Amino acid sequence: MARRRRDRSPSSIKLTQPDRSGPSEKTLLDLAQQQGLFDQARQREDALKGVTTKAHDASAEEAESLPPIVDRIMETILWTISLATLHFTLDVLVQNQYAHDISWPKITSRTGQAFLVFGFLMYTLHGHSSNPTILPGLPSRYQAHLRQAIFFLIYARQRSSRPHVGHVPYGPIINQCYLPGRVALTFDDGPSALTPHVLDLLDQYHARATFFVNGDNFARGHIDDPATLWPDIVRRMHSAGHQIGSHTWSHADLSLVDSEERYWQMTRLEKALINILGFYPSYLRPPFASCDWSCQADMAELGYHVLNFDVDTKDYENDSPAAVRTSIDRFASAISGAPASSSYIVLSHDVYGQTTDTLLAFMLEMIDKEGFMAVTVGECLGDPVQNWYRMP
Ligand SMILES: [Zn+2]
């Protein structure tokens, strides 16, 4: 039960005045004064100081302040160790949160790199009495501002990733549509000689789909080589309203390669698609549906949505007239929900004859019959078309 403070009116409470009378007897300070202890201490201090200044004039000054260069190195080491430790701690926390396994060698090597970068920045840019001038000729009152500006520019350069627009996350794996009533058919590994047939069928059903293309897969030549069929097929995909996404240059497993290779796999295909279309995609289907935490971090940096799927037709295992029935059944049993409350992202490939002849026709027929709409992945995520691509 709460105390009812209002029962007593403020005027009924008696306030006692603070006691300011002070000690009535002698204090320790008074006793010390009486015995001359303070004077004795002062005399001893003066005597000591006199001896030091007379005998070791030079060394006393040295002991008081370190030479500027030593001071600078010590301060750099202190800051660098602090920041590298912070880097290490955050790295472990992030890996613990998102990684499948914590890789200590990778954490250690990243901490080493961070140590070198912090060390360099601290040594060159942190204000020190040994280097008050960073740009000779500039008035000294601007030197500190210049130093801050350089630090900020280097930091900003380090952090500059491609802009993230819209509500669809960049980096983490997405495997479901956001909007109900949609089926996003996706075709990986193309374009191939079978792709035009897929495009014909999609036209016939007024359906939209997404093609996650490779730059050079199955040794069929570079996607942007004008001597091949591919540039025209890619342009046709785009002009028919389908979405084009990246499936890497040569179908690399992005969890098994390092950041440098990932960067190359993505940007090599970007260049080729720029040659064909003038722009490049912001959606990725990772080959083998494989993109670990480190790959996801790189894709966030490169500005990619990482799109997996929730329906796998396994058409790559069933490319024969007898076996394709398995893929058809897998699709039919997966599309089981009502359009008002369910939606699907479906994996298939425009490189298998059974997919492009039999499976696709079945899928389009069933999507129509069940009352779903066949749309691109961007559409099923509610992402406007201008966010699907980036200009070079
Ligand atoms: Zn693939």
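Helices and strands here are DSSP runs, helices of at least four residues and strands of at least two, numbered from the N terminus. Bear in mind that this is a predicted model.

With that numbering, Asp189 sits in the loop between β2 and α7. Asp189 is not a glycine, yet its phi is positive, about 80°. Is Asp189 buried or exposed? It counts as buried, because it has 21 C-beta neighbours inside 10 Å and the cut-off for buried is 20 or more. Pro191 is in the loop between β2 and α7 as well. The peptide bond that joins Gly190 and Pro191 is cis, with omega about 0°. As background, most residues other than glycine have a negative phi, and most peptide bonds are trans.

Phe288 also has a positive phi, near 60°, and is not a glycine. Its place is the loop between β6 and α10. Phe288 is exposed, because 12 other C-beta atoms lie within 10 Å.

Now the chain as a whole. It has 13 helices and 11 strands. Of its 392 residues, 28% are buried. Among contacts with a separation of 6 or more, 76% are between residues 24 or more positions apart.

The largest nonpolar core holds 60 residues. Which of them touch the most other members? They are Val183, Ala184, Val234, Met299, Ile345, Val346 and Ala374. Take Ala184: beyond its neighbours within four places in sequence, its contacts are Cys177, Thr210, Ile345, Val346, Val375, Thr376, Val377 and Cys380.

Cys177, one of those contacts, is in the loop between β1 and β2. Cys177 counts as buried because it has 21 C-beta neighbours inside 10 Å. Leaving out residues up to four places away in sequence, Cys177 touches Arg182, Ala184, Ser343, Tyr344, Ile345, Cys380 and Leu381.

Met299, another of the core residues I listed, is among the buried residues of helix α10, residues 293-302. What do the buried residues of α10 pack against? They pack against β1, α9, β6 and β7. Just after α10 comes Gly303, with a positive phi of about 80°.

Last, helix packing. Two packed helices are described by the angle between their axes and the distance between the axes. Helix α12, residues 353-369, packs with α7, residues 195-204, at an angle of about 20°, and the axes are 10 Å apart. The two are therefore roughly parallel, since angles under 35 degrees count as such. Their crossing is right-handed. From α7, His197, Val198 and Leu201 meet Thr356, Leu360, Ala361 and Leu364 of α12. The residues of that contact are 5 nonpolar, 2 polar and no charged.

Helix α11, residues 324-334, packs with α12 at about 25°, with axes 10 Å apart. α11 and α12 are therefore roughly parallel, and α11 passes α12 in a right-handed crossing. On the α11 side the residues are Val324, Ser327, Ile328, Phe331 and Ala332, and on the α12 side they are Gln354, Thr358, Leu359, Phe362, Met363 and Met366. This contact divides into 8 nonpolar, 3 polar and no charged residues.

That is what I have.

Definitions and conventions:
Residues are numbered from 1 along each chain as its sequence is written. This is a predicted model: local features need pLDDT of at least 70, side-chain atom pairs count only at pLDDT 80 or more; totals for chains, interfaces and linings use all residues. Two residues are in contact if their C-beta atoms, placed from the backbone, lie within 7 Å. A nonpolar core is a set of buried Ala, Val, Leu, Ile, Met, Phe, Trp, Tyr and Cys residues joined through C-beta atoms within 7 Å. Axes are lines fitted to C-alpha atoms, for helices over the stretch in contact, and angles run from 0 to 180 degrees between N-to-C directions. Angles under 35 degrees count as roughly parallel, over 145 as roughly antiparallel, 65 to 115 as roughly perpendicular and the rest as oblique. A crossing is left-handed if the near helix is turned anticlockwise from the far one by less than a right angle, and right-handed if clockwise. Ala, Val, Leu, Ile, Met, Phe, Trp, Tyr, Cys and Pro count as nonpolar, Asp, Glu, Lys and Arg as charged, and the others, Gly among them, as polar.
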